[in-house]
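Biologist: Could you take a close look at one part of this model for me, a charged spot and its surroundings? I would like the cut-offs along the way, please.

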Amino acid sequence: MERGTGNAKKSEPASPSGTNVNEDTCVDNSCSSGDGNCCTTDVARARWTLLRQVLRQKQVDSPEIKQVSVRRFASFDLFSRIKHVTDDPDDTSADQWVEYRSVCCPEHSALLRDNLGPLKVNEVLKSFDNTGNVCVWPSEEVMAHYCLQKRHMFKGAVCELGGGMTCLAGLMVAVCADVKEVLLSDGNEKSIQNVRDLINKNRQAGKFGSTHVSARVVRWDCESDISALESRFDVVMCADCLFLDQYRSSLVDAIRRLLHPSGMALVFAPLRGETLRLFSQLAQQAGLCVTQHQQYDAQVWDVHLKMRREGKESYDENIHYPLLVTLTKAPQLFSYTQ
């Protein structure tokens with residue numbers, strides 16, 4: 001995509017794979033949803049609270065901390081990350097911006113705000129969120145890669161739910177696909193403030209073309225949030241948003257209501273115990289057609305097999321390898337996985 005002529009770039013790896021849980025561990029604070037009263041309690045706060053409690057007890061290898069996505073396995077290496085430096089003396093935030101460029105489709109990239117390093121454990125203990133400190137989690141990374149690979153299949157209006165601080169997949173759809181509208185959403189107001197900054201930065205860089213890109217708070221069980229978007233989207237997608245029991249049925253209902261009658265939802269999530277099975281069961285009970293795909297992209301599958309074959313301690317396919325679940329209101333004549 002277009003780059004400013006005055007920009008200097010410094011290449012850095014996308015992320016260090018195989019990081020153990022210690023003081024250099026990166027902890028997720030991005031995926032969120034809403035509560036029944038559309039108030040302040042959300043998935044991000046619940047996850048952050050649990051991490052603080054466990055880390056204070058120094059139980060960094062406990063099952064609880066693994067189940068809330070402690071970033072032991074960091075990346076499928078599907079994107080390179082390049083520090084974005086500008087010569088504009090008025091741009092005081094230049095050191096926070098990086099360009100995520102697709103490895104398979106290098107002509108496509110998006111600008112994210114990032115601290116180019118892991119969050120520290122003591123940061124987790126001190127604060128519930130760290131706006132501007134971005135971790136792109138494996139499921140979101142894979143979904144963004146998948147969207148680039150299948151960009152010609154996107155049309156009309158697209159919505160990403162629970163996109164956290166980056167909404168990388170939604171941004172990539174806005175960058176690469178011929179769509180009219182992309183809505184980036186999360187249940188956390190802080191996340192959406194950051195995403196709006198990302199939209200403005202990428203729009204200024206000429207990344208979006210004629211696509212209308214916006215961000216808003218969408219809490220899955222907030223009636224006013226969902227009713228305002230009813231039957232609006234040809235594609236609804238989310239990544240690794242199934243792990244908290246109390247929000248799973250609300251997510252299913254939100255997807256069902258947001259989808260256009262002929263639309264499709266793309267849900268990327270690891271098995272994570274019974275969470276994926278329970279989500280699929282709820283979706284079927286809601287009248288949606290559910291199809292689960294284990295092998296949907298050759299590059300992602302090869303990395304998965306390599307990690308499993310090498311027996312990497314940092315890699316647990318139960319919590320790191322995202323499966324793809326497609327949801328529709330009626331049987332489809334085509335497949336998003338072909």
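With which residue does K207 form a salt bridge, and how far apart are the closest N and O atoms?

Modeller: Happy to. K207 forms a salt bridge with E99, with 3.3 Å between the closest N and O atoms; the term means a side-chain nitrogen of Lys or Arg within 4 Å of a carboxyl oxygen of Asp or Glu. The pair links distant parts of the chain, 108 residues apart: E99 sits in strand β3 (residues 97-102), and K207 in the loop between α6 (189-204) and β7 (212-217). Helices (H or I, at least four residues) and strands (E, at least two) are DSSP runs, numbered from the N terminus. Please keep in mind that this is a predicted model, where local features need pLDDT of at least 70 and side-chain atom pairs count only at pLDDT 80 or more, while totals for chains, interfaces and linings use all residues. Residues are numbered from 1 along each chain as its sequence is written, and side-chain values use heavy atoms, leaving out hydrogens and water.

E99 has another partner, R101, in a salt bridge with 3.0 Å from N to O. K207 and E99 are both buried, and R101 is buried as well. Here buried means under 20% relative accessible area, exposed over 50%, and partly exposed in between (1.4 Å probe, protein chains only). By that rule 57% of the 338 residues are buried.

The total is 15 salt bridges, so let me set another one beside yours. E223 and R257 meet through their side chains at 2.9 Å, N to O. E223 belongs to helix α7 (residues 223-227) and R257 to helix α8 (residues 245-258), so this pair ties together parts 34 residues apart in sequence. R257 is buried at 12% relative accessibility, whereas E223 is partly exposed at 47%. Shared partners join E223, E230, D253, R256 and R257 into one network of salt bridges.

Now for the nonpolar side of the picture. The largest nonpolar core has 84 residues, of which L161 and I255 touch the most other members; such a core is a set of buried Ala, Val, Leu, Ile, Met, Phe, Trp, Tyr and Cys residues joined through side-chain atoms within 4.5 Å. Helix α5 (residues 168-176) supplies the largest share, eight residues. Beyond its neighbours within four places in sequence, I255 is in contact (heavy atoms within 4.5 Å) with L161, V236, A265, V267, F279 and L327.

Rings are worth a look too: seven aromatic pairs turn up in the whole structure. Rings of Phe, Tyr and Trp (its six-membered ring) pair if their centres lie within 6.5 Å, with planes under 30 degrees apart called stacked, over 60 edge-to-face and the rest tilted. F76 and Y315 are edge-to-face because their planes stand at 90 degrees, with centres 6.4 Å apart. These two are 239 residues apart in the chain, and F76 is buried at 2% relative accessible area, as is Y315 at 9%. Y296 and Y321, in contrast, have planes at 20 degrees and centres 6.1 Å apart, so they count as stacked. They come from loops 25 residues apart, and both are buried.
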